[in-house]
Amino acid sequence: MLNAWSNCDIYDRDQIGLVLIGMPGLEKRLSRYPQLYSRVGFVHQFKTLTSEELQFILQHKWQQLGLTFDPADFTDNEAMAAISRISSGNFRLLHRLFSQIERILEINQLQIITKEVVETAREGW
């Protein structure tokens with residue numbers, strides 16, 4: 001099986017794309033692997049999310065979990081502030097945090113995201 005992969009890569013064989021999301025400088029580390037690095041099409045560095053962008057994403061994340069996000073609600077606002085503080089507007093960290101939030105809600109059979117849920121999710125990293 002190893003020989004079958006030695007002369008081709010996933011894209012050449014199956015015509016699929018791959019998106020890598022990581023810390024700044026990831027593309028420099030990939031340069032150590034010329035066969036992989038030669039297939040990097042472009043690099044995009046995301047800026048820190050604005051508060052409006054964060055609120056937009058949180059509305060969708062809440063919706064994906066079957067919840068309603070209301071920034072005027074104290075609990076939702078407090079959770080949003082905790083998420084903003086913990087993620088610092090970093091999309092990758094936000095995604096990582098929400099994976100843990102979803103896990104905590106499911107395990108504890110909760111129907112609301114609170115500041116405590118967010119902080120517990122951070123501890124699970």
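Student: What should I know about the model before I start?

Tutor: It's a predicted model, where local features need pLDDT of at least 70, side-chain atom pairs count only at pLDDT 80 or more, and totals for chains, interfaces and linings use all residues. Residues are numbered from 1 along each chain as its sequence is written, and side-chain values use heavy atoms, with hydrogens and water left out.

Student: Okay, which residues of helix 5 are buried?

Tutor: Start with the general idea: an α-helix has 3.6 residues a turn, so residues three or four places apart point the same way. Helices here are DSSP runs (H or I, at least four residues), numbered from the N terminus. In helix 5, the buried ones are L54, I57, L58, K61 and W62; buried means under 20% relative accessible area, exposed over 50%, and partly exposed in between, with a 1.4 Å probe and protein chains only. These residues cover an arc of only 140° around the axis, which puts them on the same side of helix 5 (the arc is that of the directions from the helix axis to the C-beta atoms).

Student: What sits on the face turned away from that buried side?

Tutor: The exposed residues E52, F56 and Q63. As for the buried side, its cover includes helix 6 and helix 7 (91-108).

Student: How do I describe two helices that pack, say helix 6 and helix 8?

Tutor: Two packed helices are described by the angle between their axes and the distance between the axes. Axes are lines fitted to C-alpha atoms, for helices over the stretch in contact, and angles run from 0 to 180 degrees between N-to-C directions. Here, helix 6 (residues 74-87) and helix 8 (residues 115-123) pack at about 25°, with axes 8 Å apart. Helix 6 and helix 8 are therefore roughly parallel; that label is for angles under 35 degrees, with over 145 roughly antiparallel, 65 to 115 roughly perpendicular and the rest oblique.

Student: Which residues make that contact?

Tutor: From helix 6, E78, A79, A82, I83, R85 and I86; from helix 8, K115, V118, E119 and R122. Contact means heavy atoms within 4.5 Å.

Student: And which residues of helix 8 are buried?

Tutor: V117, V118 and A121. Seen down the axis, they fall within an arc of 100°, so they line one face of helix 8. Their cover includes helix 6 and helix 7.

Student: Is Q100 buried or exposed?

Tutor: Q100, in helix 7, counts as buried because its relative accessibility is 17%. Leaving aside neighbours within four places in sequence, Q100 is in contact with A121, G124 and W125.
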